Amino acid sequence: MNHSFDRYAGIVFCAVGIAFVIGSTSISTSAYGSNVGANIFPLFLGAFLSLMSIRLIYETFRRQQKQQNRENLDYKRFGIIFTAAVLYALFLEDIGFVISTFLFLMIGFQTMQRGRIWISVVISACFSYGVYYLYVNVLDGTLPGFPSWLVLF
């Protein structure tokens, strides 16, 4: 692990998180048909990103660098997950939140650790539907639902 890279990445991500928090204050606090405003998600996302970045920066200063090991970067895994993230963003409206999130998580889990497919299926399904249910039914927010060409009974 390269501690100086982690330290600089933590500083950059902390700045991005703070920018999200500041930017979310200029977004409307209410949305049509939703009790949760459009500013809530970027506000919490920016705050969480900033807190995790501060934790990363703290960890890099806390650990003593014993060895300088040069790790090979895994471009194949990065490419797969980056492509999956781009496709997730492109098809979110077309196939809905639950299906696109499920597929993105499945690709991510199987890219990082092959095997144990049923565990990946259960975690992906529970997470994607759980977040959808909490956001839409509990918080009265809006997310893209299931596609109209998919008939669920």
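Visitor: Where is the place of Phe97?

Guide: Phe97 sits in helix α4. By the way, this is a predicted model, where local features need pLDDT of at least 70 and side-chain atom pairs count only at pLDDT 80 or more, while totals for chains, interfaces and linings use all residues. Residues are numbered from 1 along each chain as its sequence is written, and side-chain values use heavy atoms, with hydrogens and water left out.

Visitor: Okay, so how many helices and strands does the protein chain have?

Guide: Start with how they get picked: helices (H or I, at least four residues) and strands (E, at least two) are DSSP runs, numbered from the N terminus. Here the protein chain has 5 helices and 0 strands. Going along the sequence, the pattern reads α-α-α-α-α.

Visitor: Which residues does Phe97 touch, not counting residues up to four places away in sequence?

Guide: Touching here is a contact, meaning heavy atoms within 4.5 Å. With those sequence neighbours set aside, Phe97 touches Tyr88, Leu92, Ser128, Val131, Tyr132, Leu143, Pro144 and Gly145. Take Leu143: Phe97 and Leu143 are 46 residues apart in sequence, and their C-alpha atoms are 6.6 Å apart in space. As for the protein chain, look at contacts between residues at least 6 apart in sequence: 59% of these join residues at least 24 apart.

Visitor: I hear about pockets too. What volume does the second largest pocket have?

Guide: Rolling a probe the size of a water molecule over the atoms shows where empty space is left. On a 1 Å grid over the protein atoms alone, a cavity is a set of points where a 1.4 Å probe fits but cannot get out, whereas a pocket is an open set with protein on both sides within 12 Å along at least five of seven lines; lining residues have an atom within 4 Å of a point. Grid points are joined across faces, edges and corners, and the volume is the space filled by probe spheres set on the points. The second largest pocket comes out at about 380 Å³.

Visitor: Which residues lie nearest the centre of the second largest pocket?

Guide: Our friend Phe97 is there, along with Phe41, Val131, Tyr135 and Leu143, out of 13 lining residues. Helices α4 (97-112) and α5 (117-138) each supply at least two residues of that lining.

Visitor: You said salt bridge. How many does the count come to?

Guide: A salt bridge is a side-chain nitrogen of Lys or Arg within 4 Å of a carboxyl oxygen of Asp or Glu. By that rule the count is 1 salt bridge. Arg55 pairs with Glu59, with the closest N and O atoms 3.2 Å apart. Arg55 and Glu59 are 4 residues apart in helix α2, so about one helical turn separates them. Arg55 is partly exposed at 47% relative accessibility, whereas Glu59 is buried at 13%.

Visitor: And why does Ser53 count as buried?

Guide: Ser53 counts as buried because its relative accessibility is 3%. Ser53 is in helix α2 and, leaving aside neighbours within four places in sequence, is in contact with Gly10, Phe13 and Cys14. Also in α2 is Met52, partly exposed at 43%. Phe44, another residue of α2, is exposed at 56%.

Definitions and conventions
Buried means under 20% relative accessible area, exposed over 50%, partly exposed in between (1.4 Å probe, protein chains only).
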